Amino acid sequence: MQKKILVTGGSGYIGSHTTLALLEAGFDVVVLDNLCNSSIESLNRIENICGKKPDFIEGDVRDEQTLDKIFATNEIDSVLHFAGLKAVGESVNNPLTYYSNNVVGSLTLCKAMVRANVFKLVFSSSATVYGDPIEMPVREDFPTGTPTNPYGRSKLIAEEILQDLAKSDSRWSIALLRYFNPVGAHESGTMGEDPNGIPSNLVPYISQVAIEQLSKLSVYGRDYPTPDGTGVRDYIHVQDLAEGHLSALNAIDEKTGVNIWNLGTGVGYSVLEMIQAFEVACGRSIPYQVVDRRTGDIAECWAAPKKAAEELGWTAKRDLSDMMADTWRWQKRNPTGYKS
């Protein structure tokens, strides 16, 4: 019998690409999403690509009745938990919204899982839980730091709840996947990142400047202790990230307790390098201006991906040129995202 997976936030950027990968791998999928920052059109695009569509429930991960109904009417084997908010700047301005979505949502989901006797969970976490690391690259055995913004703190609090939960009950098998910076789009050009309003992340902002939807990019700070003074990050293709979730899902079938894996490439690129790479992909110049640093940003962060390679057999396969080419293909064909 095919395993059925519940994917919370499954119509969002990373959730939808992972839902596609699950369906292509032969899983049955139930998607729960409140569509606050995503579009159901992503699920239609999934069906166009692979000929299958997940079951979809519109609802909030903080709604106990909705969760109980999903577990009562489906034989859920495991849960992939993506539902949450992710914009650093927005979290600084609206911390309570972030703690409600990201912490209370995770708590409510875990309580529903216990009631349903489902104990396998892959949690969408973030490299922000390391705070401002003292050295690079960042390994899983580094202590979690003091995240520099409420988004990062909300992810760390959720991680700590899951750690306590696993200690209290040996039935739990949990993967904490600490992402670095997801970018890119499905190679078909029909699925990609579709932010509401002005993008808060670098690559979708660059791509909207490239199609002249936005006039120019703001580069936040050029006085960091990095080679060109701009922030350095580890960017990972969203399809590599999706494949990492499948590897983690398979791994927790054999492991109990909490397992932590970084999902990154192990290479850091500066903001200016990202702009140059996108200019190559799109054949256009990207105008930008340097402005003051943004609250909550750190100078540099990239992954040590060795543990995931050794324990999951997973490594990122797609390089920076793939990330930029796929982003540009998606943006060019869908200038207004899923509203096109």
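Which residues are buried in H6? The buried residues of H6 are Pro150, Tyr151, Gly152, Ser154, Lys155, Leu156, Ala158, Glu159, Leu162 and Ala166. Here buried means under 20% relative accessible area, exposed means over 50%, and partly exposed lies in between, with a 1.4 Å probe and protein chains only. Helices (H or I, at least four residues) and strands (E, at least two) are DSSP runs, numbered from the N terminus.

The model is predicted: local features need pLDDT of at least 70, side-chain atom pairs count only at pLDDT 80 or more, and totals for chains, interfaces and linings use all residues. Residues are numbered from 1 along each chain as its sequence is written, and side-chain values use heavy atoms, with hydrogens and water left out.

## Helices and their surroundings

Helix H6 comprises residues 150-168, and its end C-alpha atoms are 27 Å apart, in agreement with the 27 Å that its 19 residues should span at 1.5 Å a residue. The expected span is 1.5 Å times one less than the number of residues in the helix. The cover over the buried residues of H6 includes helix H4 (88-93), H5, strand E5 (120-126), E6 and E11.

Leu96 belongs to helix H5, which covers residues 95-116. With a relative accessibility of 71%, Leu96 counts as exposed. From Leu96 to Ser154 the C-alpha to C-alpha distance is 9.9 Å, although 58 residues separate them in sequence. Ser154 is itself among the buried residues of H6.

Helix H7 (residues 202-210) is largely enclosed by the rest of the structure, because nine of its nine residues are buried. Among these are Leu202, Tyr205, Gln208 and Ala210. The buried residues of H7 pack against strand E7 (181-183), strand E8 (217-220), strand E10 (235-237), helix H9 (271-282) and H11. Just after H7, Glu212 has a positive phi of about 65°.

## Nonpolar cores

A nonpolar core is a set of buried Ala, Val, Leu, Ile, Met, Phe, Trp, Tyr and Cys residues joined through side-chain atoms within 4.5 Å. In soluble globular proteins, nonpolar side chains tend to be buried together. The largest nonpolar core has 37 residues, and those that touch the most other members are Val7, Leu22, Leu80, Leu177, Trp261 and Leu263. Elements that each supply at least two residues of this core include strand E1 (4-8), helix H1 (13-24), strand E6 (173-179) and strand E11 (257-263). Helix H8 gives the most, with seven residues.

Contact is counted when heavy atoms lie within 4.5 Å. Setting aside neighbours within four places in sequence, Leu22 is in contact with Ile5, Val7, Phe27, Val29, Leu80, Leu246 and Leu249.

## Salt bridges

Side chains of opposite charge can pair when their charged atoms come close. A salt bridge is a side-chain nitrogen of Lys or Arg within 4 Å of a carboxyl oxygen of Asp or Glu. The structure holds 20 salt bridges. The table lists three of them.

| Pair | Closest N to O distance |
|---|---|
| Glu311 and Lys307 | 3.4 Å |
| Asp326 and Arg329 | 2.6 Å |

Glu310 and Lys306 lie four residues apart in helix H10 (residues 306-312), about one turn of the helix, and both are exposed. Glu311 and Lys307 are likewise four residues apart in H10, separated by about one helical turn. Glu311 counts as partly exposed at 37% relative accessibility, as does Lys307 at 24%.

In helix H11 (residues 320-333), Asp326 and Arg329 are three residues apart, again about one helical turn. Asp326 counts as buried at 9% relative accessibility, whereas Arg329 counts as partly exposed at 25%. Elsewhere, salt bridges that share partners join Lys3, Asp77, Lys120 and Asp253 into one network.

Two strands pair if DSSP finds at least two bridges between them. Three strands form an open sheet of mixed pairing, in the order E12-E9-E14. Strand E12 (269-270) and strand E14 (300-301) stand at the edges with a single partner strand each, so one side of each has no neighbour in the sheet. Strand E9 (residues 232-233) and E12 run antiparallel and are joined by two bridges. Within this pairing, Val232 stands opposite Ser270 in E12.
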